[in-house]
2 protein chains.
Amino acid sequence: MNKTDKRADIIDVALNLIAQRGFHDSPMALIAQEAGVAAGTIYRYFESKDDLILTLNRELENRIHEMILEEYPADGSIREKFLYINRKVLTYFMDHPLHFRFMEQFFNSPYGISHRKEKLLGKSDSNSIMIDIFQKGIEEQIPKNLPMPAMYALAFGPLITLLRDYILGFLRLDDEAIEQFTQACWDAVKK
Amino acid sequence: MNKTDKRADIIDVALNLIAQRGFHDSPMALIAQEAGVAAGTIYRYFESKDDLILTLNRELENRIHEMILEEYPADGSIREKFLYINRKVLTYFMDHPLHFRFMEQFFNSPYGISHRKEKLLGKSDSNSIMIDIFQKGIEEQIPKNLPMPAMYALAFGPLITLLRDYILGFLRLDDEAIEQFTQACWDAVKK
DNA sequence: GCCTTGTGAATGAATGTTCATTCATGCACT
DNA sequence: AGTGCATGAATGAACATTCATTCACAAGGC
């Protein structure tokens, strides 16, 4: 087993444990045990528990960003792009519930808040795709006349709330329901 | 100072501390100090930290439930009721950001999940008003044809996401924007 | 090929801290 | 002098993190 393997194992175990038990019920000792390494070993790959968590989040964000770009309809209409991204994000998290649970926890913790503040100060990432869409939409007078965070809330808020329930097993969604749901988000945003 | 005062002080301080610093950075000793009592005193009023947190959540839910009923347009149309509740919830949390932060944390913790499960099993509470509205709406063929949790997500998801940003100071909302926003939620839900 | 030595990854027991919770004692009011 | 509330030091458990030590292996000398 080489260096990369161990690092990947630790990250993977941390993701699973934290997603299922929360930050505070996932001691480093347990992460180490499940990853098949000694407690101290984690500190060869990560400076601290905070560092591990922040790295983990960064990796997930990258994966999602790439996943969105995979089949992105760069030449489509605003509406097509919007529906594509919503559907893609929704189905990604339906397929990766633990990623969702981890990120939810992350964004609802002190980590998430400072993270959010940095984003607002202009660092580009997966969200910037969505911001571009809205910006172009506004030029073409397609969406309602609301501040950007409000648009964002209308577009993604429902996804987040729905995913919570979906992942807890409170409902099932077939393809048609997904289509109708993302369309509903568009209805909220468009003028 | 009588019994009720102390209990109320403890609850109040706990709400403020937890909302601002999180469950895990709000030790009982600190709550006691800020409430002007000794550490042990809290245990005269609450069985455990868990009990304190659960009680606190219950009290907030009750307050919000009452607040919604205050001017509820019982004779209005489905749409009027929907817009009323959305506006009321939104403005309540805009005025009480700490209540929002507390409840967010609560629902994103193991407490929240079991709490949610219980709700699904039919215990009536503030949400049941909204469920009634949807139920009646469905009879009258007004909303889209989606499972109840999906409706719920379209109706409230945007509020939650928006409030997060609002409370962090990422945007401001005047009355007109609030009106437009709640209207947008309705657009998402209606057929 | 065989031995020696150097390197740095890996270990996990030990450390020091932070908490929730308890309880022996004090206090006030009856 | 008894009752019940309040106190806060003491307790013990749970952790994150450290570090002296072990171990595997490679490079270099013979």
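Select D187(A) to begin: leaving aside residues up to four places away in sequence, D187(A) touches D187(B) and A188(B). Here two residues are in contact if their C-beta atoms, placed from the backbone, lie within 7 Å. This is a predicted model, in which local features need pLDDT of at least 70, side-chain atom pairs count only at pLDDT 80 or more, and totals for chains, interfaces and linings use all residues. Residues are numbered from 1 along each chain as its sequence is written, while chains are lettered from A and ligands numbered from 1 in the order in which they are written.

**Around D187(A).** Stay on D187(A), and show helix 10 (residues 175-189) of chain A, where D187(A) is found. Helices (H or I, at least four residues) and strands (E, at least two) are DSSP runs, numbered from the N terminus. Is D187(A) partly exposed or buried? D187(A) counts as partly exposed, because it has 18 C-beta neighbours inside 10 Å. The scale is this: buried means that 20 or more other C-beta atoms lie within 10 Å of the residue's own, exposed means 12 or fewer, and partly exposed is in between, with C-beta atoms placed from the backbone.

Select chain A, which has 10 helices and 0 strands. Its C-alpha atoms fill a box of roughly 55 × 40 × 30 Å, taken along the principal axes. Of its 191 residues, 29% count as buried. Take the contacts in chain A between residues at least 6 apart in sequence: 67% of them join residues at least 24 apart.

**Helix 4 of chain A.** Select residues 49-69, which make up helix 4 of chain A. This helix has 21 residues and reaches 31 Å from its first C-alpha to its last, close to the 30 Å expected at 1.5 Å a residue. The expected span is 1.5 Å times one less than the number of residues. Which residues of helix 4 of chain A are buried? They are L52(A), I53(A) and L56(A). These cover an arc of only 95° around the axis, so they sit on the same side of helix 4 of chain A. The arc is that of the directions from the helix axis to the C-beta atoms. On the other side of the helix, colour D50(A), R58(A), N62(A), E66(A) and L69(A), which are exposed.

**Where the chains meet.** Show chain B next: 34 of its residues are in contact with 34 residues of chain A. Helix 9 of chain B gives the largest share of the side that touches chain A, 11 residues. By class, that side has 21 nonpolar, 8 polar and 5 charged residues. Ala, Val, Leu, Ile, Met, Phe, Trp, Tyr, Cys and Pro count as nonpolar, Asp, Glu, Lys and Arg as charged, and the others, Gly among them, as polar.

**The DNA strands.** Finish with DNA strand C, which has 16 residues around it. A38(A), G40(A), T41(A), P27(B) and G40(B) come nearest. A residue is near a strand if its C-beta atom, placed from the backbone, lies within 6 Å of it. Then select DNA strand D, also surrounded by 16 residues, where the closest are P27(A), G40(A), A38(B), G40(B) and T41(B).
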